[in-house]
Amino acid sequence: MLARIWQFVVKEFFQVWRDPRTRFSLIVPPIIQIIVFGYAATFDVHNVPTAVFDQDHSQESRELISRFASSGYFKITQESGNGARINDLIDRGRITLAIRILPGFAEEIRKREDASLQVVLDGTDSNTALIALGYINQITQRYQQDYQRDYLNRIAPLASQRVPQVMLDERPWFNKNLEDKLFFVPGTIGSVLMVMVMTLTAFSIVREHEIGTLEQIMVTPIRPLEFILGKTIPYLMIALFELLIISLVGVMWFEVPLRGSIALLLAGSLLFIAGVLGIGLLISTLSNTQQQAMVVSFFFVQPAITLSGFGFPISSMPPVLQWLTYLDPLRYYLVVLRATFLKGLDFDLLWPQFVGMAVFALLTLSAAAARFRKTLD
Amino acid sequence: MPDESWAVVVEGLVKDFPPVRAVDHLSFRVSAGEIFGLVGPDGAGKTTTMRVLAGVMAPDEGSAVVCGCDVVRDPEAVKQHISYMPQRFGLYEDLTVSENIRFYADLFGISRRQREQAAARLLAACGMSEFSGRLAGKLSGGMKQKLGLVCALIHTPRLLLLDEPTNGVDPLSRREFWAMLYELAAQGVTIVNSTAYLDEAERCHRVALMHRGRLLFCDQPQRLKQRLPGAVIAVVSPIAARLREELAHADGVHSVLLIGDALHLFVDDAARRIPQISRALDAKGLFYDEVVRITPTIEDLFVNAVTAQEPH
């Protein structure tokens, strides 16, 4: 029994290692992915292309514009013209945002009347638009406060010192500077591992089916469990090696801290990889061709990443989809990854995630073993 | 009780692939040490029969006992004793010759010493000793087939199931391959071999002719020839194909088969029909080299049997 499994493991390693393309795809793309994600995946909004239409040409309007310009959030170009010009710029994709200060802005402020500022946003990317709008709000409020204080100072210097203000005292835990990369790099480790393991295993049985070795294996006395273990163990080891490489990039290059225990991270990773292996092997036993396996695994990986909380918070999803996320092993693994890398949590808090992944792995691996029949019907 | 003198006992085997009945109440027996040929065109049900015997396909009806094991009830038990080589043996092209051998040997739980001895002997027997380090993908078609046979024999099976083993193999390799089969049979290994080539069937000790899942008949190749009702006459002519039309409906001709530049006519009585056919061709001014009586080949036999079963 052991000799059979061992020989299977050796054979799989030889096959993976001898193929230069597989060897390359095990090392280079994951590193590229983690680097690209570390830099590119960010919610920060900077340098939003913004056109300012200052039709007031007053000291006040210039003051407001300079506040926008110096914030760093906007890349401002001064424009002149009317609403049609705004349409044109947005349609061409030259700007995301237009701020229009109408004539009489300063006059209204000086007369203590409400002055309005027109803001036109390209809402295609609703996230960027919302964040930019938030910054605009902040800057105008600040401007308004400063203006009021200034005014109060002039008419009642004593009273102005007694205007109370609520100050925010921000203490972000686990990610002091609120850097997006600290959020995304551990998540990327999970999604890269999932994609790698899927592509390796989804093809592994169906390929043997196509080259005819599966039929040959069926006429040997091998047992389905031995076969599945022989297919699981090598890829489990390869995936752990993969985890090591990309974690090193995360820690050394992106300076993601590893605050929790390495043993816990390893244990969680093993369970997660086993689950993905199970689903990959299941797809492989259900497919007749490698193309089929590829399409089906794509239809698993894509929603699994979307529903995992990799980029979109699960708590914001509709309840039905939130339920669906419990079927997603990446959901549990991302919690474990972020908890061990950033928070340094222990098993007593993470055990529900471990249970989730263990159940998933057990179900998919036994389904794959049950599906692997030694008959050709 | 399983009878040890029979390596294979098949009775009333049926396998449906709706809407087709691939194997239709098939019964035959193969005795130990025999080279048995399952002969028939594509779609005759040979591969399905082989797969049932190998224990990788469950029949819908009937029984099959292989090496004393009931493959219908317990398909796993038989696997230690047999070896099945499909049309294309499943080799790992990215593993070397010796790695392939080792893989299959370990799946059968062969000890290292046994494996090394058997591998050396088998590789030497098929002239492949110096290729043991070569990747299987870099071997020629004939060598791949021989490597397949080596892998199939590494656990010294009692029964070897070969499904069209010489398909697409060059004539020289084919001869070597058969030499190995005779050698094995001499050592007591039973061989069930399927083929669509009738010339290959004549090398078997006994053949079963199959057509559309049914057994037409089963006997020694020579005996089958004797069984043919009437006789076969050959009309040799460079325009044999054109003569076919002329002769198909002549008196006393059952059926006509075109083989190379000759027409094989199945007739009731050779002595009477040869002059009759010569005269008919002369009368129409159709050219021919000769009209002679010949010993029927299995191919003749097969075609005659098939046409006899299905009168058009």
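Chain B carries 34 positive and 39 negative side chains, and the centres of these two sets lie 2 Å apart. Here Lys and Arg count as positive and Asp and Glu as negative, while His and the chain ends are not counted; the place of a charge is NZ of Lys, CZ of Arg, CG of Asp or CD of Glu. The model is predicted, so to speak for local features a pLDDT of at least 70 is needed, side-chain atom pairs count only at pLDDT 80 or more, and totals for chains, interfaces and linings use all residues. Residues are numbered from 1 along each chain as its sequence is written, chains are lettered from A and ligands numbered from 1 in the order in which they are written, and side-chain values use heavy atoms, with hydrogens and water left out.

**Overall build of chain B**
- Chain B has ten helices and 14 strands, taken as DSSP runs numbered from the N terminus (helices H or I, at least four residues; strands E, at least two).
- Along the principal axes, the C-alpha atoms of chain B fill a box of roughly 75 × 45 × 35 Å.
- Of contacts in chain B between residues at least 6 apart in sequence, 68% join residues at least 24 apart; a contact means heavy atoms within 4.5 Å.

**Surface and burial**
- The accessible surface of chain B is about 13800 Å², and carbon and sulfur atoms hold 50% of that; areas come from the Shrake-Rupley method with a 1.4 Å probe, and for residues only the protein chains shown count as cover.
- Chain B has 312 residues, of which 53% are buried (buried is under 20% relative accessible area, exposed over 50%, partly exposed in between; 1.4 Å probe, protein chains only).
- Thr307(B) sits in helix H10, residues 298-309 of chain B, and is partly exposed at a relative accessible area of 26%.
- Thr307(B) and Phe89(B) are 218 residues apart along the chain, with 34 Å between their C-alpha atoms.

**Domains**
- Domain bounds come from an automatic or database domain assignment, which divides chain B into domain 1 (6-224) and domain 2 (229-295).
- The C-alpha centres of these two domains of chain B lie 39 Å apart.
- In chain A, domain 1 covers 16-41 + 178-371 and domain 2 covers 48-160, with 48 Å between their C-alpha centres.

**Cysteines**
- Across all chains, the search finds zero disulfides, a disulfide being a pair of cysteine sulfur atoms within 2.5 Å.
- Cys67(B) is in no disulfide, and the nearest cysteine sulfur, in Cys69(B), is 6.6 Å away; Cys67(B) is buried at 8% relative accessibility.
- Cys126(B) is buried at 5% relative accessibility, and its sulfur is too far for a bond from the closest cysteine sulfur, 10 Å away in Cys151(B).
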